[in-house]
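Here are my notes on the model, point by point. Have the structure open while you read.

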Amino acid sequence: MVLALTAHSESLTVTVADDQVVLTDGENHTSTFPREQVSAVFREGSKLVLLGQDTAELARKPHDLSVSQLADAFRAHGYPWTDADPHTERYRRWVPETPGLPVGANALFTARDKADSDDSKELRTELAKLGVLVRDDKGKQYWRLVE
């Protein structure tokens, strides 16, 4: 029973149209993104990621959908589907007291390094408010600034 609820709460419905993308998660939270706001769409691990014109993440949602079907749907409606994050080369590994980060970001990264999954997601959101995007890879945190 728990597995079914978890799977349901993590399911994602993606509706792609020429003028907008609508994402509805398993808890019926719906987000709508006008086409002109979307600069890139790609899969990162088990997440569907939409980037905005300023390179910030508009959405990062877990999914269990067919990647080829997603790519086909986005491409058919003229969205820029890419096979990977077009800004991958800009990510740098975070270490304590990393220079070049906005005020407060190092403290958030330090807290995130010790946080559980729910707190980690919340701290990711706080970093995004500072213009810092985070990628996790093998227990390490990588970051880049929004352009």
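1. First, a term: a salt bridge here is a side-chain nitrogen of Lys or Arg within 4 Å of a carboxyl oxygen of Asp or Glu. Searching the whole structure turns up 10 salt bridges. Keep in mind that this is a predicted model, where local features need pLDDT of at least 70, side-chain atom pairs count only at pLDDT 80 or more, and totals for chains, interfaces and linings use all residues. Residues are numbered from 1 along each chain as its sequence is written, and side-chain values use heavy atoms, with hydrogens and water left out.

2. Which side chain does aspartate 25 meet in a salt bridge? The partner is lysine 61, at 3.9 Å, N to O. Aspartate 25 sits in strand 2 (residues 20–25) and lysine 61 in strand 6, so this pair ties together parts that are 36 residues apart in sequence. Helices (H or I, at least four residues) and strands (E, at least two) are DSSP runs, numbered from the N terminus. Aspartate 25 is buried, at a relative accessible area of 15%. For these labels, buried means under 20% relative accessible area, exposed over 50%, and partly exposed in between (1.4 Å probe, protein chains only).

3. Next, arginine 90 and glutamate 147: their side chains form a salt bridge at 2.9 Å, N to O. Arginine 90 is in the loop between helix 2 and strand 7, and glutamate 147 is in the segment after strand 9 (140–145), so the pair connects parts 57 residues apart in sequence. Arginine 90 is partly exposed at 26% relative accessible area, while glutamate 147 is exposed at 56%.

4. Aspartate 136 and arginine 112 also meet in a salt bridge, at 2.7 Å, N to O. Aspartate 136 belongs to strand 8 (residues 132–137) and arginine 112 to helix 3, so parts 24 residues apart in sequence are tied together.

5. Now strand 4 (residues 38–44): 5 of its 7 residues are buried, so the strand is largely enclosed by the rest of the structure. Strand 4 pairs with strand 5 in the antiparallel sense over 6 bridges; two strands count as paired if DSSP finds at least two bridges between them. Phenylalanine 42 stands opposite valine 49 in strand 5. The hairpin of these strands has 2 residues between them, and glycine 45 takes a positive phi near 65 degrees there.

6. Proline 86 is worth a click. It is in the loop between helix 2 (67–76) and strand 7, and is partly exposed at 36% relative accessible area. Proline 86 touches Ala40, Phe42 and Leu51, leaving out residues up to four places away in sequence; contact means heavy atoms within 4.5 Å. From proline 86 to valine 49 is 37 residues in sequence and 11 Å in space, C-alpha to C-alpha.

7. Finally, some backbone angles to check. Most residues other than glycine have a negative phi. Threonine 55, not a glycine, has a positive phi of about 75 degrees; it is found in the loop between strand 5 (47–52) and strand 6 (57–62) and is buried at 4% relative accessibility. Glutamate 97, not a glycine either, has a positive phi of about 65 degrees. Glutamate 97 lies in the loop between strand 7 (92–93) and helix 3 (105–114), and is exposed at 65% relative accessible area.
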